[in-house]
Number of protein chains: 2
Amino acid sequence: MTSRIVDETLGATVFFKCENFQRMGAFKFRGAFNALSKLAPDARARGVVAFSSGNHAQAVALAARMLGVDATIVMPDDAPASKLAATRGYGGRVVTYDRYRENREEIAEGLAAERGSTVVPPYDHPDIIAGQGTAAGELFEQTGPLDSLFVCLGGGGLLSGSALAAKALSPDCAVYGVEPETGNDGQQSLRQGSIVRIPVPETIADGAQTQALGRYTFEIIRRDVADVLTASDDELIDCMRFFATRMKIVVEPTGCLGFAAVRALGPRLAGQRVGVIVSGGNIDGDRMASLLLSRSAPGLLD
Amino acid sequence: MTSRIVDETLGATVFFKCENFQRMGAFKFRGAFNALSKLAPDARARGVVAFSSGNHAQAVALAARMLGVDATIVMPDDAPASKLAATRGYGGRVVTYDRYRENREEIAEGLAAERGSTVVPPYDHPDIIAGQGTAAGELFEQTGPLDSLFVCLGGGGLLSGSALAAKALSPDCAVYGVEPETGNDGQQSLRQGSIVRIPVPETIADGAQTQALGRYTFEIIRRDVADVLTASDDELIDCMRFFATRMKIVVEPTGCLGFAAVRALGPRLAGQRVGVIVSGGNIDGDRMASLLLSRSAPGLLD
């Protein structure tokens, strides 16, 4: 999608890749489907287990149903109600845990061991990264080369996949990751040159509450990403409002990260051809309403 | 747009024509641009005047700017703030009036007389009707013939234009108008066989608060529309929530009328190929939030 008001305000040409319109409402479907479709028949028969704060859960559940694979999903007990319901709706068995006290990886490994199931990690796997990268790949195929690309950053699956896609299809494009201000482990890791682990960050961007980059994603990000920027929760709400009132689309807080950085850079992007990955649109109606009402209406792109 | 959940729930194939993504956020741009583009050069030089509860105002202001015509817009003083601001933003001069006490037609005629401007009516004009009909025309061109088409009904410009488009492109399609329950003047007019005028209806569907059909629109609707149905404000809110949370699009209350009727008919549409005109998406963020919070979440299509 494009927006005249965005282009006029920034003096740039901005292309939004709208993964809120993707199957199950977020880019995560791409990685999950790619990973599951590569399982050997005997592995498929033993099912899959996934741990996720939300969209990866639905993605694995849906991909599993489409491929005839049993799926068990480990989800935080405070995940948005719509995400818990949707995961169950796609046929996934949901096991909940306390996000601030329990270790989801351990729970998932334990469940997988019971019947030899395959754990489908949310981001740190080559097949996941490759799948997520197809979003940016499609964007470049439609727009041609871009000057910069802004991608939300949680565990780094989407960002590292996007960086690989850019390298192949738009090699001069500067790829930026954008994290919640309170969860800037990626930014810290890039500065320090090694993976920094942080406590679970408190942010409305529930898809970016990861504590650390992965082994694969960090290496790709370190090599191929220009920089990692951050956005505050308030900035995300302002972007959500802009998307709703001007572009008529619903974007979840995590999905606003890329555009929040673009909005903050403002005139520094003048003259550029800019890509923004809008990562997803899964948010409860009540939650969206509460967030919108929590901030008075800002100027259009203030 | 299409929605798997809608099709699965209804057992039908539903096509949404999303005029919330139209220029200025609603179908009204079509009629206004068509009408203004047909003005002779001397009429263009004397400017245009329009009266509107919202979207027609923005439509005339934008079309006028694009065609280099001066535009004065008579708007109710309780119109949504976003619509007042957008109309001014498109370069229109705004004159407000009290919707419950003053006559907007008289105000507009008075302003037009001052400099010989042309009044661009919101619906009852052949050029407006023809312009609005291009939305359904494009839908049929994309989908082929449909069994039924659901269109919101205020003054009848969109509905009569849609009926004409159906007649030409999908002659067996049953075209339905959908009004707010509290503002069913169109339904009453159809039953009675003559235009019924009602007091300004109180409904959240601010684009359908018209008091009576027009001379042209009534004749076309009487001849070519299968029936006029109604929807309650609560049903509109439920549809708005569905559009936001499942289809990730923002639709204003008036734009929900067509789908509200489809949802109410439910299984009676099984097996059909159904069209729905989503007429617009112009709603304040705060207002959308308040409406969403005013109703607890319903079932998906309950």
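## Salt bridges and the A–B contact

Glu19(A) and Arg30(A) are both buried (buried means under 20% relative accessible area, exposed over 50%, partly exposed in between, with a 1.4 Å probe and protein chains only). This is a predicted model, in which local features need pLDDT of at least 70, side-chain atom pairs count only at pLDDT 80 or more, and totals for chains, interfaces and linings use all residues. Residues are numbered from 1 along each chain as its sequence is written, chains are lettered from A and ligands numbered from 1 in the order in which they are written, and side-chain values use heavy atoms, with hydrogens and water left out.

Let us start with the salt bridges (a side-chain nitrogen of Lys or Arg within 4 Å of a carboxyl oxygen of Asp or Glu). Over all chains, the structure holds 32 of them.

| Pair | Closest N to O distance |
|---|---|
| Glu19(A) and Arg30(A) | 2.7 Å |
| Arg115(A) and Asp70(A) | 3.6 Å |

Asp238(B) sits in helix H11 of chain B and Arg295(B) in the segment after H13 of chain B, so their bridge ties together parts 57 residues apart in sequence. Helices (H or I, at least four residues) and strands (E, at least two) are DSSP runs, numbered from the N terminus. Of this pair, Asp238(B) counts as buried at 6% relative accessibility, while Arg295(B) is partly exposed at 23%. Back in chain A, salt bridges that share partners join Lys17(A), Glu19(A), Arg30(A) and Glu138(A) into one network.

Now to the place where the chains meet. Contact (heavy atoms within 4.5 Å) takes 24 residues from chain B and 24 residues from chain A. The buried area between them is about 1900 Å², of which carbon and sulfur atoms give 61%; buried area is the accessible area (1.4 Å probe) that two parts lose on being put together, summed over both. Two salt bridges are counted between chain B and chain A. On the side of chain B that touches chain A, helix H11 (233-245) and helix H13 (285-293) of chain B each supply at least two residues. H13(B) gives the most to that side, with seven residues.

Finally, what makes the nonpolar surface patch of about 300 Å²? Met1(A), Phe21(A), Met1(B) and Phe21(B) make this patch. Patch residues have over 30% relative accessible area and no salt bridge; like charges are joined within 9 Å, nonpolar side chains (Val, Leu, Ile, Met, Phe, Trp, Tyr) within 5 Å. Accessible areas come from the Shrake-Rupley method with a 1.4 Å probe, and for residues only the protein chains shown count as cover. Met1(B) is partly exposed at 33% relative accessible area.
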